[in-house]
Every structure is written in structure tokens, then in C-alpha cells.
Amino acid sequence: STHTGMGVVTKVGPGVTSFKEGQRVTSLGWLGHEGSGSWQQYINVPAERVVALPDGISDEAGAQFYVSHAAQ
């Protein structure tokens, strides 16, 4: 995706059943994890920090999720 703060799952780790390849997601926080930075092309994020974006949520709105969440 071209929207910083959201992305598409390209690979899931062993034992991850709650997400699948091709699913649009955002995170509860990118910073503080190895390889962190939502501006990167690829990033590893623990599954427990990933949030699936419903089909009705635009890429733009999904990209704003972390900003809104972090501000609370």
C-alpha cells in the first residue's frame, strides 16, 4: 500500500491463524519492534499487535488508526 501506517499481509508466521496473506491490516504500534517503521516496504509485527481492516474502511482511514490510537 502507498498509505503509511497500513499494509497488506505478505506472509504469516508459524501458528498464526488470525491473519492470512493478502489481508489489509494496521498495527497497534510500529515502534519498539525490530525492523520497526511504518514507512518501510516490509515490516515484521507480532500478530498480537496487528489489527485487520474491515472492507468498509478505506486505506486512508486505516493509515490513521495508529495515530488515533496512540493519541488516546
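Visitor: What does the side chain of Arg24 make a polar contact with?
Guide: The side chain of Asp59, at 2.4 Å. Bear in mind that this is a predicted model.

Visitor: Which backbone oxygen lies 2.6 Å from a polar atom of the Arg24 side chain?
Guide: That of Ile57.

Visitor: And what else is Arg24 in contact with, leaving aside neighbours within four places in sequence?
Guide: The list includes Met6, Gly7 and Val8, then Val51, Ala52, Leu53, Pro54 and Asp55. Ser58 is on it as well, along with Ile57 and Asp59.

Visitor: Buried or exposed, that Arg24?
Guide: Buried, because its relative accessibility is 19% and the cut-off for buried is under 20%.

Visitor: Which strand does Arg24 lie in?
Guide: Strand E2, which covers residues 24-27.

Visitor: Which way do the E2 residues point?
Guide: Arg24 and Thr26 point one way, while Val25 and Ser27 point the other way. All of them are buried.

Visitor: What about Ser27, how much relative accessible area does it have?
Guide: Ser27 has 1%, so it counts as buried. A polar atom of the Ser27 side chain lies 3.1 Å from the backbone oxygen of Arg49.

Visitor: Now the sheet. In what order do the strands sit?
Guide: The order is E1-E2-E3, with 3 strands in an open sheet and antiparallel pairing. The edge strands are E1 (6-8) and E3 (50-52), each of which pairs on one side only. Neighbouring strands are turned by 40° against each other on average, with direction ignored.

Visitor: How many bridges join E1 to E2?
Guide: There are 3, and the two strands run antiparallel. One of the residues involved is Gly7, whose bridge partner in E2 is Val25.

Visitor: And how many join E2 to E3?
Guide: Again 3 bridges, also with an antiparallel run. On that side Val25 has Ala52 as its bridge partner in E3, and Thr26 has Val51.

Visitor: So what does Val25 pair with, taking both sides?
Guide: Gly7 is joined to Val25 in E2, and Ala52 is the partner of Val25 in E3.

Visitor: Changing topic. Where is Gly15?
Guide: In the loop between E1 and E2. Gly15 counts as exposed, because its relative accessibility is 73% and exposed means over 50%.

Visitor: How far is the C-alpha of Gly15 from that of Ala47?
Guide: The two C-alpha atoms are separated by 10.0 Å, and the residues are 32 apart along the chain.

Visitor: Zooming out, what secondary structure does the chain have?
Guide: It comes to 1 helix and 3 strands. From the N terminus on, the elements run β-β-β-α.

Visitor: What share of the chain's residues is buried?
Guide: 25% of the 72 residues. The chain exposes about 5000 Å², and carbon and sulfur atoms supply 52% of that area.

Visitor: And of the contacts between residues at least 6 apart, what share joins residues at least 24 apart?
Guide: That share is 52%.

Note on methods: Residues are numbered from 1 along each chain as its sequence is written. This is a predicted model: local features need pLDDT of at least 70, side-chain atom pairs count only at pLDDT 80 or more; totals for chains, interfaces and linings use all residues. Side-chain values use heavy atoms; hydrogens and water are left out. Helices (H or I, at least four residues) and strands (E, at least two) are DSSP runs, numbered from the N terminus. Buried means under 20% relative accessible area, exposed over 50%, partly exposed in between (1.4 Å probe, protein chains only). A polar contact is a pair of N or O atoms within 3.5 Å; within protein, one must be able to donate a hydrogen and the other to accept it, and residues adjacent in sequence count only if both atoms are side-chain atoms. Contact means heavy atoms within 4.5 Å. Two strands pair if DSSP finds at least two bridges between them. Axes are lines fitted to C-alpha atoms, for helices over the stretch in contact, and angles run from 0 to 180 degrees between N-to-C directions. Accessible areas come from the Shrake-Rupley method with a 1.4 Å probe; for residues, only the protein chains shown count as cover.
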